[in-house]
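These are my notebook entries on a structure that I looked through one part at a time. I record below what I looked up and what I found.

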Amino acid sequence: MAQDTAQLLERPVELKLPATPAERTARRKALLEWIAVHSLGVAAALFFTLPFVFVFLTSLMSDSQALSRDLIPHTWEWSNYRKVFDTPGFLTWWKNTLIYAGLGTALTVVSSVPVAYALAKFRFRGRNLTLMLVISMMMLPPQVVVIPMYLFWAKQLDLSGTLWPLIIPLAFGDAFSIFLLRQFLMTIPNEYLDAAKVDGCGDLRTLLRVVLPMAKPGIAAIALFQFFNAWNDYFGPQIYASENPGAWTLSYGLESFKGAHHTDWNLTMAATVLVLAPVLLVFFFAQKAFVEGVTLTGVKG
Amino acid sequence: MAATTHTLRAKHRRSRLRTLAFLSPWLIGFTVFFAYPMISTVYFSFMHYDGFKPPTWSGTKNWTYVFESYPFFWPALRNTLWLVVIMVTLRVLFGLGIGMLITKIKTGTGIFRTLFYLPYLAPPVAATMAFAFLLNPGTGPVNSLLEKIGIPAPGWFNDPSWSKPALTMLALWGVGDLMVIFMAALLDVPREQYEAAELDGATPWQRFRYVTLPNISPIIMFAVVTGVIGAMQYYTQPLVAGKVASGVIQGAGTAFEPGYPEHSTLTLPQLVYNLGFQRFDYGSACVVALVLFALSMAFTALLMRRRGGLIQAGD
């Protein structure tokens, strides 16, 4: 606001004339618009934040108060969070989620980078076809191939009840990451690659020494997306891990937590906060990479 | 002469090997996790298979079963149509509105942007759980507030005619991805066009209609098509909402009938789970999977059509 009004005030001073009625109406209109826009902004902000606030407040209520219609806790029961952590299995779900998300992300990056690089910078027959297949895989819901995949992992490799059927495929490139990274690598000018070639770098050396350092923001974006994907995945653990609570992840376990604490909204909301909070924390530390990734996901202006 | 063609050919072969080497992770992944299961899904759709006895040929029985006798197929398709028409439309309009609002906000822009974006990041299960609590008819804060101001409180996830609107609210809450995309598009609209329109005395509505809209229409198209694909694949939120609202939550193989209340939250991907992993009718599950595949690919093709320029194919 300060800036706007300053700008509006500047003009008459420069002209050294009193504000004409037209200028005064313009100024009033600008102020009214500012008020209207920012009131709408506050209303929208309430819509987006109040759910978080109510969830958090409920997570701190006592058992009996959580059964009432109160909005604000009378006593602040921080011990609810201790109770959630003490729930059998909760720490295992954390550990499993971190393994799935961490290992899965590392494998995705390692396997997707060379593919994305080839798609962005090599000229070869069938490149457009490959890209189209990558996009098709990206748009494919996991449910389409789940029957044969389940039979493959469960009946042939005997890996149901573990998260390996979800982690191992990521060692063979993830379509979304390949696509996103390819879009990013397209923006690196070919001159850099040619210069590396003139200096006697092979393809692998060019990729590792020249391209990778320049592609850091793109790699950060796919790592973040993959980490969130694993964190948020519900269908995967439901198919492969449901029979073995020792292999559950947070997203999957959260629901059963509600089942076990049927009416205890306070504990369920505390568990919900514990699933939400890490994602929001990661976002605060990596905001730039994230927003960059969102705008990169295939939108061409 | 012969020597040069020879080296040229060798060079070609080397470059092809190099390409193959770089693509190899994906080539394996494509074969094992896409091509093979796709073919296998088609195969199983014509087989009777329960996972225990060896599969036997059943012709088009699974297909007629899914389309004619399976009670969930048409409700799920109707729900999907509802989601495509209402949820996707509202989400695109709301995303555009929030995107326009954020470009107009001059004070505290960063804070507003972050607050508007955050819900998009909430893990689907956690977000659904949060909304199941916020909207629960017994103790939920939303109904408490509605009753305080004297508005009749709906049953939300427990009422078949309110469950999809409740899911729509959840989808609108997580509109952050569209906000960012629309914000970038709106900031890309050339300023001169607005200035020219203003000189011509265009009203705000005319400026929006004749300057903003033509400039951002490819992005709107992108949002609509990806939204439609998302709606057809909508899984976690309706499933978790139904389970939490019905009170039936357990591990695998339980009696939970999907789509609570009254099939109103059924979607196609849930049918694959219901047929395959609750009824052990893998053949019919594959039929639904193929329907889902055909729908997804049809809209993906729309997305890739080069004329639309939505996704840049070659260079």
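**Entry 1: helix 6 of chain B.** I began with helix 6 (residues 141-148) of chain B and listed its buried residues, which are B:Pro141, B:Val142 and B:Asn143. I note here that the model is a predicted one. I then looked up what these buried residues of helix 6 of chain B pack against, and found helix 2 of chain A together with helix 5 of chain B. After helix 6 of chain B comes B:Gly150, with a positive phi near 80°.

**Entry 2: helix 11 of chain B.** Next I asked how many of the 11 residues of helix 11 (residues 236-246) of chain B are buried. The count is 10, so this helix is largely enclosed by the rest of the structure. Among the buried residues of helix 11 of chain B I noted B:Thr236, B:Gln237, B:Leu239, B:Lys243 and B:Val244. I also looked up what covers them. The cover includes helix 13 (235-240) and helix 14 (250-260) of chain A, and, from chain B, helix 5 (124-134), helix 7 (163-173) and helix 12 (268-278). Helix 11 of chain B is followed by B:Gly247, which has a positive phi near 80°.

**Entry 3: backbone angles in chain B.** I kept a general rule in mind for this entry: most residues other than glycine have a negative phi, and most peptide bonds are trans. The peptide bond from B:Tyr260 to B:Pro261 is cis, and its omega is near -10°. B:Pro261 sits in the loop between helix 11 and helix 12 of chain B. B:Glu262 also lies in the loop between helix 11 and helix 12 of chain B. B:Glu262 is not a glycine, yet its phi is positive, about 50°. I recorded B:Glu262 as partly exposed because it has 13 C-beta neighbours inside 10 Å. B:Phe280, again not a glycine, has a positive phi of about 50°. I located B:Phe280 in the loop between helix 12 and helix 13 (282-304) of chain B. B:Phe280 is partly exposed, with 13 C-beta neighbours inside 10 Å.

**Entry 4: chain A as a whole.** I turned to chain A and found 16 helices and zero strands. Of its 301 residues, 40% count as buried. I also looked at contacts in chain A with a separation of 6 or more, and 73% of them join residues 24 or more positions apart. The domain assignment of chain A gives domain 1 (2-59) and domain 2 (88-296). Where these domains meet, four residues of domain 1 of chain A are in contact with six residues of domain 2 of chain A. The domain 1 side of this contact in chain A has two nonpolar, two polar and no charged residues.

**Entry 5: two packed helices in chain A.** I examined helix 5 (residues 90-121) and helix 12 (residues 216-232) of chain A, which pack at an angle of about 145° with their axes 8 Å apart. Their crossing is right-handed. The residues that meet include A:Tyr100, A:Gly104 and A:Val109 from helix 5 of chain A, and A:Ile222, A:Phe227 and A:Trp231 from helix 12 of chain A. By class, this contact has 10 nonpolar, six polar and no charged residues.

**Entry 6: A:Val279.** I found A:Val279 in helix 15 (residues 265-285) of chain A. Leaving aside neighbours within four places in sequence, A:Val279 is in contact with A:Phe228, A:Trp231, B:Leu121 and B:Pro123. A:Val279 and A:Trp231 are 48 residues apart in sequence, but 8.3 Å apart in space, C-alpha to C-alpha.

**Entry 7: the contact between the chains.** I looked up the contact of the two chains and found 77 residues from chain A and 81 residues from chain B. On the chain A side, helix 2 (residues 21-59) gives the largest share, 12 residues. That side of chain A has 49 nonpolar, 21 polar and seven charged residues.

**Entry 8: the nonpolar core.** Last, I looked up the largest nonpolar core, which has 160 residues; B:Met179 and B:Val288 have the most contacts inside it. Helix 5 of chain A gives the largest share of this core, 11 residues. Domain 1 (2-59) and domain 2 (88-296) of chain A both give residues to the core, so it lies between them. Not counting residues up to four places away in sequence, B:Val288 touches B:Val66, B:Leu268, B:Leu271, B:Val272 and B:Leu275.

Notes
Residues are numbered from 1 along each chain as its sequence is written. Chains are lettered from A and ligands numbered from 1 in the order in which they are written. This is a predicted model: local features need pLDDT of at least 70, side-chain atom pairs count only at pLDDT 80 or more; totals for chains, interfaces and linings use all residues. Two residues are in contact if their C-beta atoms, placed from the backbone, lie within 7 Å. Helices (H or I, at least four residues) and strands (E, at least two) are DSSP runs, numbered from the N terminus. Ala, Val, Leu, Ile, Met, Phe, Trp, Tyr, Cys and Pro count as nonpolar, Asp, Glu, Lys and Arg as charged, and the others, Gly among them, as polar. Domain bounds come from an automatic or database domain assignment. A residue is buried if 20 or more other C-beta atoms lie within 10 Å of its own, exposed if 12 or fewer, and partly exposed in between; C-beta atoms are placed from the backbone. Axes are lines fitted to C-alpha atoms, for helices over the stretch in contact, and angles run from 0 to 180 degrees between N-to-C directions. A crossing is left-handed if the near helix is turned anticlockwise from the far one by less than a right angle, and right-handed if clockwise. A nonpolar core is a set of buried Ala, Val, Leu, Ile, Met, Phe, Trp, Tyr and Cys residues joined through C-beta atoms within 7 Å.
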